[in-house]
Amino acid sequence: MRYLTDRKRAVGKGASGSGTEHYWWMTMSSVALAFLVPTFIFVFGSAIGGTQEEVIAHFARPFPAILTGLVTLVGMRHFAKGAQVMLEDYTQGSLRKGLVILVYSLSYVITALVLYALAKMTFLSIVLNSAN
Amino acid sequence: MAEPKRVERPLSPFMIGPYYRPQMTSMSSILTRITGNALIAGFVLGAWWLIAAVSSPGYFGFVNWIVTSWLGYLVFAGMAWAMWYHYLTGLRHLLWDTGKGLDIETAEKLGWGAIIGSVVLTLLTLIILAIF
Ligand code: HEM
């Protein structure tokens, strides 16, 4: 005990248990999304309405693929942590824990689905191109 | 070691409505929360559509039919507005974090800016996407 500084003893004792970590993460991810989202809206929106071949070719290009991957990765973490704040405001106890787990799981599942789809699109377009 | 006392922390009281007159500041704030969380609907629909694009043509036809139906367009148009609104009020948060713009007059102006700005940006987005 004697070897601990006062600061060290205080760390983790606040209501959050993690200091300002969560808040700082929201700030960082919102700055990242502020740069990514405007372009993404048009990259994603312009793909809607295409045939299956067109949609695959669209997202197989490097820029749309990387941008969509980044927005999904950062956006889903930002969503999960943001939704957690809302749940912590309105719910308590086991219900809160359950719902936070649900929201985190949902965000990870969506991330995995999008990354899988993007990877397969790149693969499919290589196969389709070399077949022609 | 003494038994750690379990404290049921109180929830933050929900003030809007019977206790607190709706104002530009509180309304634009709660809309940030609503739009941020609502955006998950766009990611769910988008991820489903991308997965369908790497599935069988029949399955893509089914999901694409939903995405390009009036309901699908309504959802994505709504997502465009939610994104722009959340974007603008997100920037407002980042400004507030620097300690600026916190007086009531400026905060209310920024609220109107986010509401009007998000509608204008959404219309612009839809017009540009319709042309290209
Ligand atoms: C990928 C799209 C996005 C999603 C799904 C999303 C979702 C969310 C959610 C659910 C919250 C929690 C709201 C609450 O406190 O209850 C939130 C908060 C926040 N978002 Fe986003 N967001 C997105 C994009 C953005 C962008 C582009 C920005 C920046 C321009 C941004 C800035 C913020 C900020 C600053 C907060 C914290 C607000 C606060 O402290 O109350 N977000 N977001």
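**Figure 1. Surroundings of His86(B) in the predicted model.** Leaving out neighbours within four places in sequence, His86(B) is in contact (heavy atoms within 4.5 Å) with His78(A), Thr32(B), Thr35(B) and Gly36(B). His86(B) belongs to helix H3 of chain B, where helices (H or I, at least four residues) and strands (E, at least two) are DSSP runs numbered from the N terminus. UniProt, in an unreviewed entry, places the feature "binding site" at His86(B); UniProt positions follow the numbering used here, feature names are shortened, and annotations may be inferred rather than shown by experiment. Is His86(B) buried or exposed? His86(B) counts as buried because its relative accessible area is 18%, buried being under 20%, exposed over 50% and partly exposed in between (1.4 Å probe, protein chains only). This is a predicted model, in which local features need pLDDT of at least 70 and side-chain atom pairs count only at pLDDT 80 or more, whereas totals for chains, interfaces and linings use all residues; side-chain values use heavy atoms, with hydrogens and water left out. Residues are numbered from 1 along each chain as its sequence is written, and chains are lettered from A and ligands numbered from 1 in the order in which they are written.

Figure 2. The unreviewed UniProt entry assigns "transmembrane region" to residues 30-50, 70-89 and 110-131 of chain B. Residues 30-50 of chain B are 100% helix and 0% strand, with 31 Å between the end C-alpha atoms. Residues 70-89 of chain B are likewise 100% helix and 0% strand, and their end C-alpha atoms are 28 Å apart.

**Figure 3. The loop position of Leu102(B).** Leu102(B) lies in the loop that connects helix H3 (70-97) with helix H4 (104-131) of chain B. Leu102(B) counts as exposed because its relative accessibility is 53%. Between the C-alpha atoms of Leu102(B) and Trp81(B), which are 21 residues apart along the chain, the separation is 25 Å.

**Figure 4. Overall form of chain B.** Chain B contains 4 helices and 0 strands, giving the pattern α-α-α-α along the sequence. The C-alpha trace of chain B spans about 60 × 50 × 30 Å along its principal axes. The radius of gyration of chain B is 20 Å, while a compact globule of 132 residues would have a value near 14 Å; the radius is taken over C-alpha atoms, and the globule rule is 2.2 Å times the number of residues to the power 0.38. Of the 132 residues in chain B, 35% are buried. Among contacts in chain B with a separation of 6 or more, 63% are between residues 24 or more positions apart. Chain B exposes about 8,300 Å², 73% of it supplied by carbon and sulfur atoms; accessible areas come from the Shrake-Rupley method with a 1.4 Å probe, and for residues only the protein chains shown count as cover. The centres of the 8 positive and 6 negative side chains of chain B lie 2 Å apart. Lys and Arg count as positive and Asp and Glu as negative, without His and the chain ends, and each charge is placed at NZ of Lys, CZ of Arg, CG of Asp or CD of Glu.

**Figure 5. Phe123(A) and the annotated spans of chain A.** Phe123(A) sits in helix H5 (residues 93-131) of chain A. Phe123(A) is classed as exposed because its relative accessibility is 52%. Phe123(A) and Ala60(A) are 63 residues apart along the chain, yet their C-alpha atoms are separated by 8.1 Å. According to the unreviewed UniProt entry, "transmembrane region" covers residues 23-47, 59-79 and 99-119 of chain A. Residues 59-79 of chain A are 95% helix and 0% strand, with end C-alpha atoms 23 Å apart. For residues 99-119 of chain A, the composition is 100% helix and 0% strand, and the end C-alpha atoms are 30 Å apart.

**Figure 6. Overall form of chain A.** Chain A has 5 helices and 0 strands, and its C-alpha trace spans about 75 × 35 × 25 Å along the principal axes. Buried residues account for 39% of the 132 residues of chain A. Chain A carries 11 positive and 6 negative side chains, and the centres of the two sets lie 14 Å apart.
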